Structures are given as C-alpha cells and as structure tokens.
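Hi,

Here is the model I said I would pass on.

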Amino acid sequence: MTDTVRCCVFPVAGLGTRFLPATKAVPKEMLPVVDKPLIQYGVEEAAAAGLTQICFVNGRHKQAIENHFDRNVELEQQIAGSGKEVLLEGVNGLMEQCRISSIRQLQAKGLGHAIGCAEPAVGNEPFAVILPDDLCVNPEGDGVLAQMVELYKRYQCSIVAIEEVPMDQVNKYGVIAGTEEAEGIYRIEAMVEKPPVDQAPSNLAIIGRYLLTPDIFELIRQTPPGKGGEIQITDALMKQAEQGRVIGYKFKGLRFDCGSVPGYVKATNYCFENLYKG
C-alpha cells in the first residue's frame, strides 16, 4: 500500500427517485446547479485535491455521466468561433487532467457494495469516495477532500467527513460517536446507519466524503446485508474501527444536500450568488 491518494470513486448508480419525474430520463448527478451538472462539482473537488484517477461506479441507465466527460466533436465544431468555446473549458480541462473510467454495478445492493465494485480500479492503495449528492464548498480555503488528504498524511487510516445535524434528522444518516482527540477530530467508537432518534449515539452525521484504506474491500466482502437489506459501508467501517482506527473529521466549509429538493435549491442559490461567473 502506498501513502499517496490518487483515486476517487463516485458511486452514481442510484435512480434518484426523490427527484422524479426530473430523473426519469436524466441522471440526478446531471441535474444542473446553475450552469454545471452536480457531478462536475464533485470531480472538480477531487482534482483540486490531487486525485486524478476518477472511477464512476455506474448503472446501465446513466451513460449521460460518461458522455459528459467525453469529447463532443459535433458540438465543438458547431460553436467554434462563436465565443461559446469558453463554456466548455472547465469540463474539457478535467478530461485532460484526469483519467476517467467507469465500472458497472450490476445489482443495487447498497453503498458498501458499490464501493466494493471499484476494487479493480483502486488496487491496493488508499482512495477517496465522493457522493455527489453532497455538494461541498469551502470559500475560505481548501475543499473538503483536500482537507482529508492532508489529514490522512498524519493519521494513515480511514477518515469519514462528519457534521452536526439536528437530532430529529439523525435517522437520515450514518451517525458516529467517539473520543475527540483534537479539535474536530474524533476516534470513532460507534457507528450506526440511520438510527431512530432515541437510539442515535450522537448528532454527528457522516456526509458524502470518505477517505478509505484498501483493507476496506475485504471487510466489505465479509459484511452481511444490514439496514434495508443492503451492504452498508458503515458496518464495514465499524469493523475497521474495532480492528484498528477510523477517524471522523468535522470538516471546514459548507455542505448542501442536493439529494433533497430544499438542499438542491439552497445549493443553486448559493452557487449563483457566490460562484457563478456568467
């Protein structure tokens, strides 16, 4: 295992049912936040953190994601000389900077299973996972994934990004409890997937950023279906915590839950007011 984090996995095979009918034919990751699809924000965050091997764990109805990160010669010829070429510079730059691949998740068996599907692309190296439903920005410094890469250099163990959520919302998240070893850094001692409010170990919720050591793949293989009959990454991570160490990191920045309509609207408003350069 190397110390360098190079690969970022994007589990994107889900059907996006919370956004029907918009997602009937369009992947939820391709919904625009102002002028860019949600997935592009995630790939930009990964690239900014130095992770240039991008692996989509995809489903058979999600080819639009792969097409977005491919050349469209007809379109480029159509807009040549119009001044609109600049609008493609961002995604074209990512295509030049990153090596992008895709692996098919053949069955919908949960996030743990989706991450396990990426093992051939990752190999025996630490890697990151971004759930693009969570759009994260840090206007005052490094992005969330870049912060976690720096933290990994110190701790050399799996890290999950966490934030405090209202107690009445803990049943929507994986929730951790642990000992705070430094400001915002918790050694995880308990981890529960979507607990009832009265059984939650805290209000520290895991959000869609992970940095994982490669031994997680074997732990995923050993993990039986859990909550909802799915293979939960929280169950595999809890085994890892019991056998060694897993850290919860209270990140710096803002996170928008774009898997929900209110969060998606908030993200759109924020990006239009603070990031849009049109």
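**Notes on the model**

Thr234 is buried, at a relative accessible area of 1%; buried here means under 20% relative accessible area, exposed means over 50%, and partly exposed is in between (1.4 Å probe, protein chains only). Before going on, the housekeeping: this is a predicted model, where local features need pLDDT of at least 70, side-chain atom pairs count only at pLDDT 80 or more, and totals for chains, interfaces and linings use all residues. Residues are numbered from 1 along each chain as its sequence is written, and side-chain values use heavy atoms, with hydrogens and water left out.

Back to Thr234, which lies in helix H9. Helices (H or I, at least four residues) and strands (E, at least two) are DSSP runs, numbered from the N terminus. The side chain of Thr234 makes a polar contact of 3.1 Å with the side chain of Glu193. For that term, read a pair of N or O atoms within 3.5 Å; within protein, one must be able to donate a hydrogen and the other to accept it, and residues adjacent in sequence count only if both atoms are side-chain atoms. Leaving aside residues up to four places away in sequence, Thr234 touches Gly174, Met191, Glu193 and Ile206, where contact means heavy atoms within 4.5 Å.

**Pockets**

On a 1 Å grid over the protein atoms alone, a pocket is an open set of points where a 1.4 Å probe fits, with protein on both sides within 12 Å along at least five of seven lines; lining residues have an atom within 4 Å of a point. Grid points are joined across faces, edges and corners, and a volume is the space filled by probe spheres set on the points.

The largest pocket has a volume of about 1500 Å³. Its lining has 48 residues, and Lys28, Leu111, Leu131, Asp133 and Lys194 are the closest to its centre. At least two lining residues come from each of helix H5 (111-117), strand E11 (204-212), helix H9 (233-243) and strand E13 (254-257), with E11 giving the largest share, 4 residues. By class, this lining has 16 nonpolar, 16 polar and 16 charged residues. The classes are: Ala, Val, Leu, Ile, Met, Phe, Trp, Tyr, Cys and Pro nonpolar; Asp, Glu, Lys and Arg charged; the others, Gly among them, polar.

The second largest pocket comes in at about 780 Å³. It is lined by 33 residues, with Lys36, Gln40, Tyr41, Glu44 and Leu275 nearest its centre. These divide into 18 nonpolar, 8 polar and 7 charged. Helix H1 (38-48) is among the elements that supply at least two residues of this lining, and H1 gives the most, with 7.

H1 is largely enclosed by the rest of the structure, because 9 of its 11 residues are buried. Gln40, Tyr41 and Glu45 are among the buried ones. Just after H1, Gly50 takes a positive phi of about 90°.

Helix H7 (residues 144-155) has 12 residues and spans 16 Å from first C-alpha to last, close to the 16 Å expected at 1.5 Å a residue; the expected span is 1.5 Å times one less than the number of residues. Its buried residues include Val144, Met148 and Tyr152.

Most residues other than glycine have a negative phi, and most peptide bonds are trans. Which residues are joined by a cis peptide bond? Leu20 and Pro21, with omega about 5°; Pro21 sits in the loop between strand E1 (7-11) and strand E2 (32-33). Val34 has a positive phi of about 65° and is partly exposed at 26%. Lys194 also shows a positive phi, near 45°, in the loop between strand E10 (185-193) and E11, and is partly exposed at 38%.

Asp257, in strand E13, is partly exposed at 22% relative accessibility. The side chain of Asp257 reaches the backbone nitrogen of Gly259 at 3.0 Å. Among the residues that Asp257 touches are Arg18, Asp133 and Tyr264.

Lastly, Gly229 is exposed at 55%, and its C-alpha is 7.7 Å from that of Lys109, 120 residues apart in sequence.

Cheers
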